Amino acid sequence: MDAPLQEEIQAGRAPTLQFLRDNGTYFPKVVSTFPTMSVSIDTTMLTGEPPNIHGIYGLTYYNQKEKRVVNFGTGPKEIFLFGVKRVLQAAMLQLNQKLISKDVKTIHEETNKPTASINAMVYRGKDHTELRPPWITWLTGLLPRKIRTEAPPIFSYGSIHTLDKRSNPKSMLSQFGVNDQFSSMEIISLIKKDKLPSLSLVYFPGNDIIVHKKGTSEGKGIMKADNQIASILDAFGSWEEAIQICSFIVLGDSGQTNMVQKDTYVDLRKILHPYSIMPLSRDIAKSQDQLILCVNERMSYINILDEEISYRDVVRLCKTEKKLDVIAWQESDGWIHVVSGQTDGILSFRPDGDYLDEYEQKWHLEGDISILDLTLDEQKIQYGIYPDALSRLAGTLTSNDRSVVVTVSPGYEIVGQGSPKHKGASHGSLHHLDSLVPMIVTGIKQAPEHLRLINFKKWLLQLLEE
Ligand SMILES: [Zn+2]
C-alpha cells in the first residue's frame, strides 16, 4: 500500500524500492479488482476481464455451472471443515486447468513472446507441463503423483515445479517454496543463466501474511520484499545495469484495512438465521439448503438456492446490520440494485446509459447515488470511497445466479462457519483501503489506458510488441 511503502522508504528501510521509484515513475493509486482477493485479482490482471467473464469470483465462490462451492484455501479451520482434499484439488487440478474460462486468454497464452511465471497461483499458458506435488500430498491420497497442466514456457511454482534445483523449496515450513525467497532465487537463476524471457511475472506472497497478523503499520514485509528485490537487481551486476537491461513494474495486488479491536467480526449466519445455510462440510447442496455463504474476508457472496426466497427477503435481513456498507444484487432484467445497512435509499444501475464515468464507461443511474458515494457533475460520474464501483460491482454479478454481494465497512471482517478471523488487517471489499495499490515502473514511457489492473493485459501486450 502507498502509505506504508512511503513510510518504509522514508525511514531508509526499503532502499531498493526507493532506487526503482527514483529512477522511474510512481503511481500511488492503481485500482485493483473486486473482490480484492489475490486469485480473482491475478486472473483479471492476466486476462483483462472481470470475474463474471473469467470465472474466478474469489478465494471461495459458488460455481453456477458445476453447482458446487469452490474454495482455493481461505484459512486453516475453513480448509479443514471444507476438506483439505477439495481445497488442494481446486487449486492444483482445477483452477488453471478448467475453472478459468476457456473463452478468455491470459497474457501467457495471447503473446507469441516467451514469458515466465514464478510462484503465481494463476499461470495458465500454452505449454503442456507436469506438476509433481509434494510426497506428503500423494502419499495421503490428497493429490495424484503427477498433474497435467498448461503453463508458460518458463514456469516455477514452489516445490511442485522448480526451475533451478539449487532454489530448493525445502519443506512444509517454507510453504513448499511458495515464499518470497524462493521467488527471487528462481528469477535470479534465470538472470544468471541469461535466460530471462520477454516478460517474467514474479509473485511475492510474504507481506500479505504479515499485514494480516500485525496491521498495515507493520513494515517488516516490505523490508523483506525489498531485500529480495535487491538480490534480484544485484544479479545483473549492478542496480544501474539492471534498470538499463530490464524494465521493472513493482505492484501490489490489494490493500488491507486495519481491524478494530472490538466487535470486529460480522457473522452472516446470525443475520440470516431464519434460513438454513449449507454447512461447510458439503460443496454440493441438498434440498434442505436454502442459502450458501462464500465469505471472502471483507466481502461475501450469499447464494439463494430456495426459489421461495426472493432477493428482497435476504436484502431486508442484511440491511439490519449497520456494518454492511454495500449490499448488491442483479435482477433478471439486468438492473443492479445497491442498498446499505448504514442508510436508507436504493441505487439502481446498468451499463450503456447517458452517464459517463472516469473510465469512459457509460451507465444508467437511478435513485440514491450517495449509497456508492458517487457524485455527479452534469452527466459525469465521480467515484468517492469506492473506486470504479459500478463496473467492479457489476463484474461480480450476473442476472441469473441469484446471488447477493455484501461488504463490511473498514475495521470489520465478515465470517461464516470456519472463516479465518484476522487480527491485524484484512481485505476483500470494494472500499479504497482494500482496493488501491501502488506501482513503481522503470524504463517504460506509456502508462496503461487507465490506472486499473483490468487494463494491464492490453498494456503489457503492447509493451511486448515493442
Ligand atoms: Zn490477504
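Me: Which residue forms a salt bridge with glutamate 130?

Reply: A salt bridge here is a side-chain nitrogen of Lys or Arg within 4 Å of a carboxyl oxygen of Asp or Glu. Glutamate 130 pairs with arginine 132, and their closest N and O atoms are 3.4 Å apart. For accessibility, buried means under 20% relative accessible area, exposed over 50%, and partly exposed in between (1.4 Å probe, protein chains only). Glutamate 130 counts as partly exposed because its relative accessibility is 32%, and arginine 132 is partly exposed at 47%. Please keep in mind that this is a predicted model: local features need pLDDT of at least 70, side-chain atom pairs count only at pLDDT 80 or more, and totals for chains, interfaces and linings use all residues. Residues are numbered from 1 along each chain as its sequence is written, and side-chain values use heavy atoms, with hydrogens and water left out.

Me: How many salt bridges does the structure hold?

Reply: The structure holds 17. One of them joins aspartate 289 to arginine 282, with closest N and O atoms 2.6 Å apart; aspartate 289 and arginine 282 are both buried. Another brings together the side chains of aspartate 344 and lysine 319 at 3.8 Å, N to O. Aspartate 344 sits in the loop between strand 15 (336–339) and strand 16 (347–356), and lysine 319 in the loop between helix 14 (311–318) and strand 14 (324–330), so this pair ties together parts 25 residues apart in sequence. Helices (H or I, at least four residues) and strands (E, at least two) are DSSP runs, numbered from the N terminus. Aspartate 344 is exposed at 62% relative accessibility, whereas lysine 319 is partly exposed at 26%. There is also a network of salt bridges linking Glu66, Arg68 and Lys98.

Me: How many disulfides does a search of the whole structure find?

Reply: A disulfide is a covalent bond between the sulfur atoms of two cysteines. The cut-off used is a pair of cysteine sulfur atoms within 2.5 Å. The search finds zero. Take cysteine 294: the closest cysteine sulfur, in cysteine 318, is 14 Å from its own, too far for a bond. Cysteine 294 is buried at 0% relative accessibility, and cysteine 246 is buried at 17%.

Me: Where is asparagine 71 found, and what does its side chain reach?

Reply: A polar contact is a pair of N or O atoms within 3.5 Å; within protein, one must be able to donate a hydrogen and the other to accept it, and residues adjacent in sequence count only if both atoms are side-chain atoms. Asparagine 71 is in strand 3 (residues 68–71) and is buried at 1% relative accessibility. Its side chain reaches the backbone nitrogen of glycine 73 at 2.6 Å and makes a polar contact with the side chain of threonine 74 at 3.2 Å.

Me: Which residues are joined by a cis peptide bond?

Reply: Most residues other than glycine have a negative phi, and most peptide bonds are trans. Here a cis peptide bond joins phenylalanine 34 and proline 35, with omega about -5 degrees. Proline 35 lies in the loop between strand 1 (25–31) and helix 3 (38–47).
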